[in-house]
Amino acid sequence: MNVLWLQSSGCGGCTMSLLCAEGPTLFDRLEGAGIEMLWHPSLSLETGAEARRLLERVEAGAIALDVLCVEGAIARGPRGTGKFQILAGTGRSMLDWVCSLAGLARHVVAVGTCAAYGGITSAGENPSDACGLQYEGSHEGGVLPASFRAKGGLPVINVVGCPTHPDWVTETLMMLAENRLGADDLDGLGRPLFYTSHLVHHGCPKNEFYEYKASAVALSDIGCMMENLGCIGTQAVGDCNIRPWNGTGSCTRGNYPCINCTAPEFEEPRHSFTETPKIAGIPVGLPTDMPKAWFMALASLSKAATPDRLARNAVADRVDVPPTLRVRGRK
């Protein structure tokens with residue numbers, strides 16, 4: 001299976017994240033699965049005229065295109081021409097190339113939230129009129145219409161995240177190589193279920209603090225960040241804390257709140273990422289699958305039962321009070 005990768009309007013962070021794949025490395029993993037990186041603008045040897053000829057051969061059908069991966073949002077401006085972003089040396093816009101190649105590919109994969117929904121690139125006034133491949137924010141229909149289906153029968157596969165996890169990309173490609181990714185394996189926003197069937201909350205190292213509603217008040221504190229610091233890991237999909245980056249890292253493990261970067265329009269929360277909007281002191285964003293009254297009743301009981309250890313540690317920048325030492329035969 002060959003993969004053609006285009007980088008559009010974005011920071012290149014998803015490629016940087018992809019290079020963090022380990023055990024085995026990115027290149028060993030792809031080779032072992034029979035996946036050839038036909039061309040990647042940052043990782044391939046071909047540049048200039050060589051790369052241009054390769055793209056032209058793919059477009060002409062001389063080279064079969066199994067998977068088209070697009071990283072970054074697509075700039076449609078000015079006035080729908082796409083000329084704000086020309087693919088160097090070709091004289092054609094990235095918009096034009098993506099629309100042409102998507103119709104030839106067996107599968108189309110949007111790598112990262114920018115490519116899927118517009119993401120950070122489309123934030124604010126969006127002067128370049130950037131959007132995702134098959135979505136504009138949470139609305140169906142982007143560069144490609146909502147009705148688009150690649151030759152393999154699937155819509156655009158949205159491997160979201162800002163940046164996306166390297167394993168999410170490689171596992172998606174390996175599933176496509178084995179014909180094991182179908183329409184039933186995607187959620188309602190085109191995201192693979194193998195990682196979006198989890199919440200970021202699952203496996204979070206702050207879960208004990210969350211259970212007792214022992215909350216942090218500053219980013220350096222180790223308590224739960226939901227109540228005061230904007231964390232919405234209980235609503236965000238992703239297995240970030242089950243398989244962290246490089247075996248150890250995630251946003252919440254680094255004491256930064258989850259900002260739901262796997263969702264459309266996360267870039268426009270209408271408040272600071274580190275602020276929890278409240279009404280009458282009650283957080284607006286509660287767990288999606290729990291009635292508000294139940295949550296408030298549980299939170300009140302939890303706060304009343306919070307162990308002193310958790311209450312003190314929650315507002316400290318390290319473990320101040322260790323767990324009680326239990327010795328058999330002693331009280």
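Which residues form one aromatic cluster? Trp168, Phe194, Tyr195 and Trp245 do. The structure is a predicted model, in which local features need pLDDT of at least 70, side-chain atom pairs count only at pLDDT 80 or more, and totals for chains, interfaces and linings use all residues. Residues are numbered from 1 along each chain as its sequence is written, and side-chain values use heavy atoms, with hydrogens and water left out.

Aromatic pairs were assigned by ring geometry. Rings of Phe, Tyr and Trp (its six-membered ring) pair if their centres lie within 6.5 Å; planes under 30 degrees apart count as stacked, over 60 as edge-to-face and the rest as tilted. By this rule there are four aromatic pairs. The ring centres of Tyr117 and Tyr135 lie 5.4 Å apart with the planes at 85°, so this pair is edge-to-face. It links distant parts of the chain, 18 residues apart: Tyr117 belongs to helix H5 (residues 113-117) and Tyr135 to strand E9 (residues 135-136). Helices (H or I, at least four residues) and strands (E, at least two) are DSSP runs, numbered from the N terminus. Both Tyr117 and Tyr135 are buried, a term for under 20% relative accessible area, with exposed over 50% and partly exposed in between (1.4 Å probe, protein chains only). Phe194 and Tyr195 also make an edge-to-face pair, because their ring centres are 5.4 Å apart and their planes stand at 65°. Tyr195 is buried, at a relative accessible area of 0%.

Two charged side chains sit over rings, which requires NZ of Lys or CZ of Arg within 6 Å of the ring centre and within 35 degrees of the ring normal. The charged end of Arg92 lies over the ring of Trp97, 4.0 Å from its centre. Lys213 sits over the face of Tyr210, also at 4.0 Å from the ring centre.

The strands were examined next. Five of them form an open, parallel sheet in the order E2-E1-E3-E7-E11. Two strands pair if DSSP finds at least two bridges between them. Strand E2 (36-39) and strand E11 (157-159) are at the edges with a single partner strand each, so one side of each has no neighbour in the sheet. On average, neighbouring strands are turned by 30° against each other, direction ignored. Axes are lines fitted to C-alpha atoms, for helices over the stretch in contact, and angles run from 0 to 180 degrees between N-to-C directions.

Strand E1 (residues 2-7) is joined to E2 by three bridges. Val3 stands opposite Met37 in E2. Helix H3 (residues 48-60) packs on the sheet and touches E1 and E2 (contact: heavy atoms within 4.5 Å). The direction of H3 makes about 105° with that of E2. Helix H4 (residues 94-102) packs on the sheet too, touching E1, strand E3 (67-71) and strand E7 (107-111). Its direction makes about 160° with that of E1.

E3 is joined to E1 by five bridges, and Leu6 stands opposite Val70. Five bridges also join E3 to E7, where Val111 is the bridge partner of Glu71. Five of the five residues of E3 are buried, so this strand is largely enclosed by the rest of the structure. In a regular strand the side chains alternate between the two faces of the sheet. In E3, Val67, Cys69 and Glu71 point one way, and Leu68 and Val70 the other.
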